[in-house]
Amino acid sequence: MKIKKEKNNVNKQIGFLDFLFFGFFNKKGFTVVELLIVVALIIIMAVLAVPVYSNFQSTTQLNDETIQLVQTLRVARQRSLAGLNSYNHGVKLENDNYILYQGVSYQLRDGLYDRKIKLNNSLNLVWQLGNNLDDINFTSNGVANTTGTISINHAINGTFTINLNSLGLVEKD
């Protein structure tokens, strides 16, 4: 008799656990209300994520373009220091692009060696260089023909500044 009672107790416990863990999953589908709640939560999360993503994207774009300009200026300096093709090298600045060139100036350059880098449409260059120059040329000892700052401006999300000192060293602020 005792054995049968224990079996009934075990069956009742399993039935209770079955209800606790599986009672909610015995349905055959989802209700319309449940689906609407899930869709609403997804829409709310997407709406909150869009500004964060666009801010991240514009900041990344500005940072990448600034790093590329810094590297281009450093390449021009290194080519001049190395005496590549026995010429000076420099960078010509324009509002929406810049050109890495070979020659003693942009006007006297060898156009075959030009490398033009176009900025993204939302970016533009602003520079304040000595003697109102828009052409940075490095001599064979790495010294630049001018000093000053170059700023890359994003239409929405700020500005990064690049400094060019009297020794020809290029640094991002």
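Analyst: Strands here are DSSP runs of E with at least two residues, numbered from the N terminus, and two strands pair if DSSP finds at least two bridges between them.

User: What should I know about the model and its numbering before going on?

Analyst: This is a predicted model, in which local features need pLDDT of at least 70 and side-chain atom pairs count only at pLDDT 80 or more, while totals for chains, interfaces and linings use all residues. Residues are numbered from 1 along each chain as its sequence is written, and side-chain values use heavy atoms, with hydrogens and water left out.

User: How many bridges join β2 to β3, and which residue is the partner of Ile-99?

Analyst: Strand β2 (residues 97-102) runs antiparallel to β3 and is joined to it by 4 bridges; Ile-99 has Lys-116 in β3 as its bridge partner.

User: Which strands pair with β6?

Analyst: Strand β4 (residues 123-129) pairs with β6 in the antiparallel sense over 7 bridges, and Val-126 has Ser-151 in β6 as its bridge partner. Strand β7 (residues 158-164) also pairs with β6 in the antiparallel sense, over 7 bridges, with His-154 standing opposite Gly-158 in β7. A hairpin through 3 residues joins β6 to β7. As for burial, buried means under 20% relative accessible area, exposed means over 50%, and partly exposed lies in between, using a 1.4 Å probe and protein chains only. By that reading, strand β6 (residues 148-154) is mostly covered, since 5 of its 7 residues are buried.

User: Is His-89 buried or exposed, and what does it touch?

Analyst: His-89 is found in strand β1 (residues 89-93) and is buried, because its relative accessible area is 1%. Contact means heavy atoms within 4.5 Å; leaving aside residues up to four places away in sequence, His-89 touches residues including Ala-76, Arg-79, Tyr-101, Gly-103, Ile-136 and Phe-138. His-89 and Gly-103 are 14 residues apart in sequence and 5.6 Å apart in space, C-alpha to C-alpha. The side chain of His-89 also reaches the backbone oxygen of Leu-84 at 3.2 Å.

Notes. A polar contact is a pair of N or O atoms within 3.5 Å; within protein, one must be able to donate a hydrogen and the other to accept it, and residues adjacent in sequence count only if both atoms are side-chain atoms.
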